[in-house]
Amino acid sequence: MNINMNELYYTALKAADAAYAPYSRFRVGAALLGKDGTVFTGCNVENRSYGLTICAERTAVVSAVSRGCRSFIALAIATPDSADPVGPCGACRQVLSEFMEGTAPVRFAGSGPGKVDSTIGELYPHDSLHDLAGGIG
Ligand code: THU
């Protein structure tokens, strides 16, 4: 499938509009491209018990899996409140690796001109518990 990372990034940017981030004032949007071409989005959802905050990337994963999609071929992340690109946190890298191949492209960018084009494998090498992967498919 032809993957349009520009389009996926703009979908992530739009998804950041829905961010619930009254504590950090740092909005994040994520867009996951499913194997069948469906795009699933997520935003960060904070809580006044700060540690319960859910990142945009995991929101997107949970949304997709709950709608029956368990395989993603690309990810884009938008952080409009930072000039520089912000990559996914460690917890999200682990969760994303459950449903993505190491070769899957990842783009992230902030409001400035810089952008990072990477892959899940680059972001999360030596995948933790890789030998247990497979789950229920
Ligand atoms: N955040 C994400 O949603 N994704 C990331 O990759 C980094 C951090 C959120 C969590 C919190 O709501 C805010 O950004 C500041 O850390």
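**Serine 118**

I began with serine 118 and found it in strand S5, which spans residues 115–119. The model is a predicted one, and I read every entry here with that in mind. Is serine 118 buried or exposed? Its relative accessible area is 10%, so I noted it as buried, the cut-off for that being under 20%. I then looked for a polar partner and found the side chain of glutamate 122, in polar contact with the serine 118 side chain at 2.7 Å. Setting aside neighbours within four places in sequence, I listed Ala104, Pro105, Val106 and Leu123 as the contacts of serine 118.

**Helix H1**

I looked next at H1, residues 5–15. Which of its residues are buried? I noted Met5, Leu8, Tyr9, Ala12 and Ala15. An α-helix has 3.6 residues a turn, so residues three or four places apart point the same way. On the face of H1 turned away from the buried side I found Glu7, Tyr10 and Lys14, which are exposed.

I then checked what covers the buried residues of H1, and the cover includes S1, strand S2 (39–43), S3 and strand S4 (105–110). At the start of H1, I saw a side-chain oxygen of asparagine 4 reach to within 3.1 Å of the backbone nitrogen of asparagine 6.

**The loop between H1 and S1**

I looked up two residues in this loop, alanine 18 and arginine 25. Alanine 18 has 54% relative accessibility and counts as exposed. I took its C-alpha distance to alanine 104, which is 86 residues away along the chain, and got 26 Å. Arginine 25 is exposed as well, with a relative accessible area of 64%.

**Helix H2**

For H2, residues 56–66, I listed Ala56, Glu57, Ala60, Val61 and Ala64 as buried. Why do they lie on the same side of H2? They cover an arc of only 140° around the axis, which puts them there. On the other side of H2, I found Val62 and Ser66 exposed. The cover over the buried residues of H2 includes S1, S2, S3 and H3. After H2 comes glycine 68, and I noted its positive phi, near 95°.

**Ligand site**

I listed the residues that surround the ligand: Ser24, Phe26, Val28, Asn44, Glu46, Thr53, Cys55, Ala56, Glu57, Gly87, Pro88 and Cys89. Ala56 and Glu57 were already in my list of buried H2 residues. How many residues of the shell are nonpolar, polar and charged? I noted six nonpolar, four polar and two charged.

The side chain of asparagine 44 has an N or O atom 2.9 Å from a ligand oxygen. From alanine 56, a backbone N or O atom lies 2.9 Å from an oxygen atom of the ligand. From cysteine 89, a backbone N or O atom is 3.5 Å from an oxygen atom of the ligand. Of the 370 Å² of accessible area that the ligand has on its own, the protein covers 79%.

**Helix H3**

In H3, residues 90–99, I found Cys92, Leu96 and Ser97 buried. The arc they cover around the axis is only 135°, which puts them on the same side of H3. I checked their cover too, and it includes strand S1 (29–34), helix H2, strand S3 (72–79) and helix H4 (120–123).

**Proline 85**

My last entry is proline 85, in the loop between S3 and H3. I noted it as partly exposed, at 26% relative accessibility. What does proline 85 touch, not counting residues up to four places away in sequence? I found Phe108, Ala109, Gly110, Gly114, Lys115 and Val116. I also took the C-alpha distance from proline 85 to glycine 121, 36 residues apart along the chain, and it is 18 Å.

Note on methods: Residues are numbered from 1 along each chain as its sequence is written. This is a predicted model: local features need pLDDT of at least 70, side-chain atom pairs count only at pLDDT 80 or more; totals for chains, interfaces and linings use all residues. Side-chain values use heavy atoms; hydrogens and water are left out. Buried means under 20% relative accessible area, exposed over 50%, partly exposed in between (1.4 Å probe, protein chains only). Helices (H or I, at least four residues) and strands (E, at least two) are DSSP runs, numbered from the N terminus. The arc is that of the directions from the helix axis to the C-beta atoms. Contact means heavy atoms within 4.5 Å. A residue is near a molecule or strand if one of its heavy atoms lies within 4 Å of it. A polar contact is a pair of N or O atoms within 3.5 Å; within protein, one must be able to donate a hydrogen and the other to accept it, and residues adjacent in sequence count only if both atoms are side-chain atoms. Accessible areas come from the Shrake-Rupley method with a 1.4 Å probe; for residues, only the protein chains shown count as cover. Ala, Val, Leu, Ile, Met, Phe, Trp, Tyr, Cys and Pro count as nonpolar, Asp, Glu, Lys and Arg as charged, and the others, Gly among them, as polar.
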